[in-house]
Amino acid sequence: MDIQAVATQPFDGQKPGTSGLRKKVDVFQQPHYVANFTQAIVNALSPEQRGRLVVGGDGRYFNAEAIQVILKVLVGNGIREVLVGADGILSTPAVSNLIRKSKADGGIVLSASHNPGGPGKDFGIKFNNASGSPAPENITQAIYDQTRSISEYQWADLPELKLEAGSEYTFLDTKIRVVDSVDDYAALMQTLFDFDRIGDAIRSGGLSVCFDGMHAVTGPYARRIFGDLLGVSQDRLWNCDALTDFGGGHPDPNRVYAKTLYDFMMGESATDLGAASDGDGDRNMIMGRGAFVSPSDSLALIAQHHQSIPQFKSGLVGVARSMPTSTALDRVAQHLNISCYETPTGWKFFGNLLDQGLVRLCGEESFGTSGDHVREKDGVWTVLCWLSILADKQVSAQELLAQHWTSFGRSYYCRHDYEGLDADKAQTIIDQLAGAKGKLLGRKMGAMSVADVNVFRYEDPVDGSVSENQGVRVVFDDHSRVVYRLSGTGTDSATLRVYLEQIERDAQNQGADAIVYNESLGQFANDIADIQATTGLSEPTVKT
């Protein structure tokens with residue numbers, strides 16, 4: 001078998017964003033494109049970090065072909081051991097777990113998360129470090145620097161490898177081991193939750209569950225964990241065949257793209273818990289019978305009832321949320337007398353806090369929640385948290401929400417996305433808002449007055465690194481907020497995200513639909529940012 005130094009040239013734009021390098025699949029299909037980026041990752045690692053790497057993806061279109069290219073480059077570079085998921089598939093939290101369990105030096109994750117898959121759709125690659133966390137900015141910058149100067153990559157002329165669980169291959173100095181995509185992750189979940197208690201509640205009929213896999217990577221995980229281990233009937237595990245194009249759907253678990261599940265949970269036949277996960281298994285949607293649980297409320301409720309979850313029996317120590325996420329978690333943390341950290345959007349910002357033991361639970365408004373067991377968002381884990389709480393408290397999700405709001409106030413929270421914007425126009429909106437403090441202070445929206453306008457800046461309490469310009473916050477005198485931020489997860493054009501939060505402390509007014517409740521605030525947000533005048537959009541593309 002030959003190792004070749006293949007001459008190549010840099011590609012423009014191989015800069016990893018919030019969640020790695022994401023482009024249209026056609027871009028990744030260009031000759032040398034995946035090999036270049038893989039070589040750049042290896043080049044950014046020290047020789048001591050080239051011992052063991054994990055490789056896996058969400059199974060979307062082009063996943064199988066890209067995995068073969070990556071393995072050829074890794075063998076060409078003499079990586080001593082590669083652990084790859086069966087058929088090249090591992091959920092993103094499963095990759096993080098396998099990195100940590102095997103004490104690997106890092107992992108290469110192939111996913112565009114909740115973005116659509118298929119010909120002409122989206123693809124992505126990111127690097128996770130030895131803690132299992134998405135690479136911090138100093139590493140992604142080093143990778144990007146390598147992509148800009150690359151002139152060759154190392155290529156092993158391997159045959160096409162059959163990636164069947166249990167298979168092992170040795171090529172020169174590299175051993176490739178193919179691991180079951182589900183086993184290690186399922187075993188981890190059994191150490192974190194009381195499967196007997198949850199299973200007894202399900203099998204006795206005291207707790208009913210419906211899960212929508214959205215034809216994405218968590219289908220096999222759901223069948224093993226919810227079906228085989230906990231006793232959920234197969235007819236309540238929907239769309240659990242993982243497909244390369246996600247069945248033609250959009251694998252984003254929200255009320256728009258998981259509408260069938262949402263409608264079911266709002267109807268007479270609803271189960272006690274309804275849940276969905278996304279393309280790569282890191283996001284979640286939680287619903288009770290007749291009740292949609294916003295991701296921000298879900299995070300706060302898990303914190304409030306953490307003693308129902310065996311993983312957290314010893315306490316939380318601290319919690320963290322991304323800046324746009326509602327302040328519901330802050331109020332619970334204050335009640336528990338623990339620290340609550342506010343970080344920029346991007347799971348990598350939780351990594352240092354988790355590694356230093358400063359927090360044990362963290363989450364983002366974009367349907368992502370997780371604990372200190374991995375260093376990624378974890379959709380299936382979040383569902384298990386809710387099953388633990390419901391089995392322990394033996395009340396409905398709707399009752400849990402009502403109790404929470406009565407105790408802590410309700411953050412009426414939703415997000416307006418303005419998609420497909422010209423990037424310059426989107427940036428103009430942010431820049432104008434950043435300088436508008438003087439004219440906005442004191443401006444009224446109903447009974448609320450604008451008390452502050454600021455640009456979020458984050459200084460990491462562990463390593464002192466600083467992240468500037470992470471979004472604009474308009475804060476009212478009752479702590480309600482509007483937050484503006486440009487998304488970093490798309491593959492073309494720009495998306496302006498506008499986060500709306502009104503805090504309602506009167507229990508008599510806490511039962512409305514959040515999207516309806518925030519209509520006036522949404523129009524206020526459009527007006528003060530001149531969104532319609534700048535973009536021509538009088539309404540957001542999506543409301544969630």
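Let's walk through the aromatic contacts of this structure, ring by ring. The model is predicted, so local features need pLDDT of at least 70 and side-chain atom pairs count only at pLDDT 80 or more, while totals for chains, interfaces and linings use all residues. Residues are numbered from 1 along each chain as its sequence is written, and side-chain values use heavy atoms, with hydrogens and water left out.

Rings of Phe, Tyr and Trp (its six-membered ring) pair if their centres lie within 6.5 Å; planes under 30 degrees apart are stacked, over 60 edge-to-face, and the rest tilted. By this rule there are 15 aromatic pairs. One of them joins Phe211 and Phe226, a tilted pair with 5.2 Å between centres and 55° between planes. Phe211 belongs to strand E10 (residues 209-212) and Phe226 to helix H8 (residues 218-229), so the pair links distant parts of the chain, 15 residues apart, where helices (H or I, at least four residues) and strands (E, at least two) are DSSP runs numbered from the N terminus. Phe211 is buried at 0% relative accessible area, and Phe226 is buried at 1%; buried means under 20%, exposed over 50% and partly exposed in between, with a 1.4 Å probe and protein chains only.

Next, look at Trp238 and Phe264: their centres are 5.1 Å apart and their planes meet at 65°, so this pair is edge-to-face. Because Trp238 lies in strand E11 (residues 237-238) and Phe264 in helix H9 (residues 259-265), the pair ties together parts 26 residues apart in sequence. Trp238 is buried at 19%, and Phe264 is buried at 14%.

Elsewhere, Phe11, Phe28, Tyr33, Phe62 and Phe123 form one aromatic cluster.
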